[in-house]
Amino acid sequence: MGPRENDQTVLRHSLSRRSLLRSTTAVGVIPVLNRREQRVARAAQATPQAEDQIGQLTVIRDQEPAYAGEPIAGGDLRIPLHQAENENFNPVAFDQDFQIPVSYLDPLVKPNPLTLAPEPWLAESWEWNEDQTVITYSLRSGVTWHDGTPLTADDVRFSLFVARDDIFSEIRNFFVLMDDVEAVDDLTVRVILSAVDNTWLFNASSLLIFQRAQYTDYWSSRPYGERTLTGFDWEASPPLGTGPWIVEAFDGDGVTMTRNDAYWAGAPFMESLSLPAMPDPADRLAAWNEGEIDLLWPVPAIALDELSGTPARLHVVPSASVMFAAFNFDNPARIVPNLLAEPALRAALNLAIDRVGYAEDVFRGFIAADQAGTVAQPWANAETVTNPRRDVRKARQILADAGWQDFDGDGILDDVNGQRLELVTIVREDAPPELIETLQRVSEDLREIGATLNIQVLEPAAFMERWINAHDFDLIAYAYDLFPGFTDFDLYGSAWDIRVNPQGWNPGGYRNLDVDQAILERFETVDQDEQAAILEEIQRITNKDLFGLWFGFPYDLILVRESIQGFRPNVLWQTADTRLMWQAGER
């Protein structure tokens, strides 16, 4: 999730699609044009933002698209990998592009492709005990590994312990409450937790399961506390899975997989899956334009005109992604450190933002800019909690009523303490360029109410120093993708104030007793409906007692060639469901 350096939080958030995806989305720095130039450029194009055609790209907004004709067997599906090094198949280290493990391995519980709510997969059902500290999974019968041996409870038990105990595990913090795992019989697994874990079913249960027999000797050859699957000889023993694709070959140039004809959920239509390594975004764009790949994702809106000369479908899909700038309520660099604790000031700043403008100019309309908060998981999002419409007049009046005036006539407001309304926001230099451009748009907006926004783009180490130690900023900007289950309690909860809790995230010292109480209530239930109701309340509170400036939920853009049929969006990982695709006609 949010970029952090202390051990606990980095490990807890490292599985986020932000770490897997966001660092690789940039096609280049978005040109810094003023709004007039942006809108003149947009008006000069043949198609406006809201239409269904961009050049030769047909825009598809249907999340469950229909395809004509019967699927055709055969062909090779080509999807680029974003990482350069992909030869460490340790499933819990996440040291390779996620497209690889999601293609040959399966989870116990699969997040619904549109809502992220948990659904049966390798586990066909599950049941909690009365106090919600023991979950028992019933495994699907008839599932086999790629070597023909059956999936058993011992495989699941082994996978969960490796996820917790591997020294290179990037997901161990999903397992801190796991006390034990019992293989009750071949198809029954019981997990015992030390306390209620409200994200267990959403997050830990949706991780990938791998074969015990392949790895157990290597795993056990090291003493406890030093065990890892990193270093296993996959050339001698290629990785096995239960998934739709079988790993056939891999090297520095990528990975090749073949169809698993015995896949329990139905074999892929394509004969093979080719995953060439293309870490350079420019290379991926060139490969698309030259017809060398079949799907391109993610596609920044800024790149669409460059890509619109090739006939294809552009799928526009809501995603579990957020962008925002959190307020700092205790800035030691200010005359009045708690300046932003004043609700009226925060409200005025929020009213000044032209979200319609940056949605058009930066995202070409492909963003839910009206959505407030950071709960973008569809199963938990409160759609009625939204950002206000821009109202510069009202914002100015609020500031005037609070005593802000332009005493020296320079266009910048001052308060009675002589404090100018000059705000500093920090953002990482490796943040998505759309976030940095949005901040520039917001800076222009705030000028209209007599405020300035000094945007300081920092390299990661400097960003961490300012966030964790110095705290000398007014806003701190983030963009990231979300786990299926809500894990941002440490963003809002006062117990996770980074100033007093080295394992926290709360970057600005936000404190609201009702939010704290709601977080505590959520820790006490695994029920999805109860959690959704609590999260809706958190969204309402943090939008009323404003936590930050919300910039909305960017959409995912996926390009698919016309010859490829059967693509289905998947909010967790848009190219996860490759087995459903087939090739129609000639490339």
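**Overall build and charged contacts**

The protein chain carries 16 helices and 24 strands. Its radius of gyration is 25 Å, close to the 25 Å the globule rule gives for 587 residues, so the chain is as compact as a globular protein of that length. This is a predicted model. Along the principal axes, the C-alpha atoms fill a box of roughly 80 × 55 × 40 Å. Buried residues account for 59% of the 587 residues.

Turning to charge pairs, the count comes to 24 salt bridges. One of them joins Asp445 to Arg390, at 3.7 Å from N to O. This pair ties together distant parts of the chain, 55 residues apart: Asp445 sits in helix α12 (residues 433-447), while Arg390 belongs to the loop between β18 (367-368) and α11 (392-401). Asp445 is buried, at 0% relative accessible area, whereas Arg390 is partly exposed at 28%.

Arg428 and Asp430 also pair up, with their closest N and O atoms 2.8 Å apart. Here Arg428 counts as buried because its relative accessibility, 13%, falls under the 20% cut-off; Asp430, at 38%, is partly exposed. In the bridge between Glu182 and Arg190, the closest N and O atoms lie 3.0 Å apart. Glu182 is partly exposed at 32%, and Arg190 is partly exposed at 30%. Beyond these pairs, a salt-bridge network links Asp330, Asp497, Arg499 and Arg511.

Note on methods:
Residues numbered from 1 in each chain as written. Predicted model: local features only at pLDDT ≥ 70, side-chain atom pairs only at ≥ 80, totals over all residues. Heavy atoms only, no water. Helix = DSSP H or I, 4+ residues; strand = E, 2+ residues; numbered from the N terminus. Rg over C-alpha atoms; globule rule 2.2 N^0.38 Å. Buried < 20%, exposed > 50% of the residue type's maximum accessible area, 1.4 Å probe, protein only. Salt bridge = Lys/Arg side-chain N within 4 Å of Asp/Glu carboxyl O.
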